[in-house]
Amino acid sequence: MTESISELFSALVHDAWRDDIGFSTEVEEANQRLFKTDLSDTERARILNEWLKLYQPCLFGRVAARFELITYCLLTEEDLISTDEAIKDKIQHHRLLWRQNGFEGKKSAFVISIISPTITFAVPDDTVKKLAQKICSLYLDEDIEPDKVYTDTLLLEKTFGEQAIWEWKVGVNYFSSQGDKRWWQDHRIPGGMAFSMNSVGHMAKAGQLLSAIKQVDETFELSKADYPSSKITSLDVALSFAMRTIYSASNAISGKATWLLPLPEDKSQLPIQECPAKLPHFLEENNFCEYQGYYHTDISIPSEYFSAAVERPESTKTHNLDFTYLFRKSIENPDFETMGMGRRIRGKAKRKVRVSQKMQNKISRMIGKPVKGKRKEKLLRELKIERLN
């Protein structure tokens with residue numbers, strides 16, 4: 001992609017439909033606050049955090065906002081007309097802050113938000129898609145294509161007793177104001193466009209770890225640090241929250257874009273016959289292994305979002321989507337380790353399991369290559385250095 005951010009930004013087309021239809025009350029009110037020119041990034045992040053606590057369809061996002069587990073990187077139109085190098089530097093600065101705080105268990109989520117009236121009122125067309133790809137490429141430092149799954153990584157360190165470091169893959173997901181009142185409304189956000197990265201597995205394990213440290217401090221009457229907390233205390237609880245999120249999907253103009261499935265009459269069809277979590281009554285008859293949607297919740301930049309269409313096109317495909325990354329420990333389900341439980345990268349070696357070469361190749365494609373040697377040590381040094389001012 002040869003166009004710069006500023007060139008793509010200047011090529012955006014105003015959406016006359018939006019002038020007529022407007023925004024939902026909660027989005028419009030947040031827009032008006034975010035678009036004030038005399039605000040600092042910190043003030044805008046506070047406004048965005050308040051909105052996410054109340055209106056983010058994903059319950060994991062609401063929890064992260066409520067318990068202040070999100071690191072924000074705010075870009076404005078002033079940033080967008082600067083150089084790509086300056087934009088990348090700002091994103092990478094806040095990315096490192098997130099990873100440093102994540103390493104200590106203080107943050108589990110990262111939001112890159114582009115606050116821009118021009119983007120907010122633009123037609124969601126191919127130019128917007130290219131702009132999203134470009135911003136995401138400056139974040140992940142690689143070429144980004146639509147309709148693919150991209151991930152970042154987040155580490156967590158345990159320093160007392162047996163030392164250990166875990167690593168999670170963190171999904172990258174696109175949100176935009178342009179989704180408000182369109183069929184993909186669950187991926188709306190006020191202010192313009194955003195990328196949200198939230199590690200549920202990291203959130204759960206960090207909560208357990210910090211709760212244990214807090215209990216030790218209280219037992220020995222040590223100084224009480226301000227430990228972060230959250231409602232996601234285990235992967236079992238996370239499964240319930242994930243199912244609640246899909247259950248509560250917006251009933252948008254074309255109906256729900258994601259939905260739960262009923263349990264099959266024959267539970268032997270499921271990879272695990274009994275649900276590992278205690279579900280609320282209204283979820284008990286639903287399939288806890290998979291659900292369905294008109295967009296793939298793991299894809300970072302779905303092409304379906306970049307169209308002026310308000311109602312869902314009839315040609316939109318249905319996707320079978322997965323809950324088992326939160327509970328199914330299996331050699332055939334590496335997402336449980338890489339995104340749920342966390343992959344241990346420092347500590348006692350685990351017993352090796354013999355698998356076929358075909359299975360090894362399959363796993364390596366799904367989880368990538370571990371960071372080793374000098375590159376790994378460099379990363380750990382970056383995460384342990386004094387926090388940036």
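Me: How many residues of α5 are buried?
Reply: In α5, 6 of its 8 residues are buried, and the helix is mostly covered. Buried means under 20% relative accessible area, exposed means over 50%, and partly exposed is in between, using a 1.4 Å probe and protein chains only.

Me: What sort of model is this?
Reply: This is a predicted model, in which local features need pLDDT of at least 70 and side-chain atom pairs count only at pLDDT 80 or more, while totals for chains, interfaces and linings use all residues. Residues are numbered from 1 along each chain as its sequence is written, and side-chain values use heavy atoms, with hydrogens and water left out.

Me: Back to α5. Which residues are buried there?
Reply: L59, F60, G61, V63, A64 and A65 are buried in α5.

Me: And what follows α5?
Reply: E68 follows α5, and its phi is positive, near 55°.

Me: How do α4 and α5 cross?
Reply: Helix α4 covers residues 41-55 and helix α5 covers residues 59-66; their axes come within 7 Å and cross at roughly 135°. Axes are lines fitted to C-alpha atoms, for helices over the stretch in contact, and angles run from 0 to 180 degrees between N-to-C directions. α4 and α5 are therefore oblique to each other. Angles under 35 degrees count as roughly parallel, over 145 as roughly antiparallel, 65 to 115 as roughly perpendicular, and the rest as oblique.

Me: Is that crossing left-handed or right-handed?
Reply: The α4 and α5 crossing is left-handed. A crossing is left-handed if the near helix is turned anticlockwise from the far one by less than a right angle, and right-handed if clockwise.

Me: Which residues meet there?
Reply: From α4, N49, L52, K53, L54 and Y55 meet R62, A65 and R66 of α5. By class, the residues of this contact are 4 nonpolar, 1 polar and 3 charged. Contact means heavy atoms within 4.5 Å. Ala, Val, Leu, Ile, Met, Phe, Trp, Tyr, Cys and Pro count as nonpolar, Asp, Glu, Lys and Arg as charged, and the others, Gly among them, as polar.

Me: New topic: at what angle do α7 and α9 pack?
Reply: α7 and helix α9 (residues 126-140) pack at about 55°, with axes 8 Å apart. The two are therefore oblique to each other, and α7 passes α9 in a right-handed crossing.

Me: What residues of α7 and α9 meet?
Reply: D84, I87, K88, I91, Q92, R95 and W98 of α7 meet K134, I135, L138, Y139 and L140 of α9. That contact has 7 nonpolar, 1 polar and 4 charged residues.

Me: Where is N101?
Reply: N101 is in helix α7, residues 84-103. N101 is buried, at a relative accessible area of 4%. A polar atom of the N101 side chain lies 2.9 Å from the backbone oxygen of L97.

Me: And S108, buried or exposed?
Reply: S108 counts as buried, at 2% relative accessibility. S108 is found in the loop between α7 and β2 (109-115). Leaving aside neighbours within four places in sequence, S108 is in contact with L69, W98, L154, M197, N198, S199, H202 and M203.

Me: How many helices and strands are there in the protein?
Reply: The protein has 14 helices and 10 strands. Helices (H or I, at least four residues) and strands (E, at least two) are DSSP runs, numbered from the N terminus. Of its 389 residues, 51% count as buried.

How values were computed:
Polar contact = N/O pair within 3.5 Å; in protein donor to acceptor, adjacent residues only side chain to side chain.
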